[in-house]
Amino acid sequence: MSEEISFTHAETLRATQQLISQVRTELGRVISGQNDVIEQVIMAVLCQGHALLEGVPGIAKTLTVKTLGRLLGLGFQRVQATPDLMPADILGTTILKPGTDTFTFHHGAVFTDLLLVDEINRMPPRTQAALLECMEERQVTADGVRHALPGWFTVFATQNPVDFEGTYPLPEAQLDRFLLKIRVSYPSEAEELQILQRHHASGGAGLLEEAAIVPVSEGLLAAARAEVRAIRVEPELYGYIVALARRTREWPTLLLGASPRAALSLMLVAQAAAAFEGRDYLVPDDVKRAVLPVLRHRVMLKPEAELEGFDADRVLTDVIAGVPVPREATK
């Protein structure tokens with residue numbers, strides 16, 4: 001019976017498993033280590049959500065997203081955020097057509113599939129607000145006219161956790177638009193040695209160009225997305241997700257808890273986590289696995305908790321431990 005069930009699951013998630021396997025293999029030829037980061041950027045695309053990558057400079061955040069775009073056969077644009085960046089610089093602007101008296105809308109960098117915004121917290125508040133409509137509505141409104149963004153439009157934004165000079169912290173409303181906050185850490189010693197060896201062996205054209213990335217087959221990403229959305233969620237798991245979200249709103253060390261949008265994001269990412277395990281149904285461990293990346297940027301600690309050395313991940317780990325797991329869902 002167990003063999004029959006496993007076979008059924010494999011058949012149900014065939015496109016997802018093929019996509020995950022190929023992305024891991026191809027990205028691994030360019031990126032050394034960072035397995036958790038690679039998993040979570042794939043989850044963001046599968047869930048049609050945006051992701052915030054936080055880490056110090058020089059640890060392959062930009063290279064990871066650029067390689068992913070080439071691998072998935074998607075358009076890619078990069079914006080370097082600066083304090084003088086204006087909304088029109090990324091959204092586009094209406095210009096006069098040469099030799100005529102008519103105006104036309106010139107598309108900005110957001111009209112792409114994968115948009116990488118480097119150091120998003122250096123972007124002024126006005127430009128941050130302009131990006132909100134793109135992230136939530138997947139459209140740009142200019143001069144009262146709506147311009148739809150591509151169906152695959154996804155924002156990957158980076159920020160440096162240690163350099164705050166000349167930055168504008170993202171407001172809670174903007175942070176809530178990000179499906180995931182991905183922590184990117186330093187590679188291990190063995191991975192760092194591999195980075196040196198790969199660059200020394202390269203011909204100078206760059207790892208991404210020399211790797212000759214093989215794009216996934218057409219339609220595979222769309223099929224994988226459909227499979228992830230179809231992963232079964234039992235009623236007990238709905239209750240467990242809601243209980244986790246509501247518990248953050250009454251947790252003694254938290255000033256701001258998770259919103260209903262956060263609970264929905266938790267379910268979507270948990271479905272993707274189940275797909276990574278080859279299952280077409282949700283279990284509590286999938287939800288637990290999704291809690292930190294989904295909620296760490298959506299909760300706000302009380303000042304006294306920060307002074308005592310707490311951080312969002314530590315508090316959320318305590319929340320997970322404090323919410324009973326539904327017995328029926330573990331069977």
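Helix H2 (residues 14–28) packs against helix H4 (residues 61–72) at an angle of about 130°, and their axes lie 10 Å apart. This is a predicted model: local features need pLDDT of at least 70, side-chain atom pairs count only at pLDDT 80 or more, and totals for chains, interfaces and linings use all residues. Residues are numbered from 1 along each chain as its sequence is written, and side-chain values use heavy atoms, with hydrogens and water left out.

**Helices H2 and H4**

- H2 and H4 are therefore oblique to each other. Angles under 35 degrees count as roughly parallel, over 145 as roughly antiparallel, 65 to 115 as roughly perpendicular, and the rest as oblique.
- Axes are lines fitted to C-alpha atoms, for helices over the stretch in contact, with angles from 0 to 180 degrees between N-to-C directions.
- H2 passes H4 in a right-handed crossing. A crossing is right-handed if the near helix is turned clockwise from the far one by less than a right angle, and left-handed if anticlockwise.
- On H2, the contact is made by Leu-19, Gln-22, Val-23, Glu-26 and Leu-27. On H4, Thr-64, Thr-67, Leu-68, Leu-71 and Leu-72 take part. Contact means heavy atoms within 4.5 Å.
- By class, this contact of H2 with H4 has 6 nonpolar, 3 polar and 1 charged residues. Ala, Val, Leu, Ile, Met, Phe, Trp, Tyr, Cys and Pro count as nonpolar, Asp, Glu, Lys and Arg as charged, and the others, Gly among them, as polar.

**Helices H11 and H12**

- The axes of helix H11 (residues 235–249) and helix H12 (residues 260–276) come within 10 Å and cross at roughly 140°.
- H11 and H12 are therefore oblique to each other. H11 passes H12 in a right-handed crossing.
- H11 contributes Tyr-238, Ile-241, Leu-244, Ala-245 and Arg-249 to the contact. H12 contributes Pro-260, Ala-263, Leu-266 and Met-267.
- The contact of H11 with H12 has 8 nonpolar, no polar and 1 charged residues.

**Pro-150**

- Pro-150 sits in the loop between strand E7 (145–148) and strand E8 (154–159). Helices (H or I, at least four residues) and strands (E, at least two) are DSSP runs, numbered from the N terminus.
- Pro-150 is partly exposed, at 27% relative accessibility. Buried means under 20% relative accessible area, exposed over 50%, and partly exposed in between (1.4 Å probe, protein chains only).
- Beyond its neighbours within four places in sequence, Pro-150 is in contact with Phe-111, Thr-112 and Asp-113.

**Cysteines**

- Cys-47 is buried at 8% relative accessibility. Cys-134 is buried too, at 1%.
- The whole structure has 0 disulfides, a disulfide being a pair of cysteine sulfur atoms within 2.5 Å.
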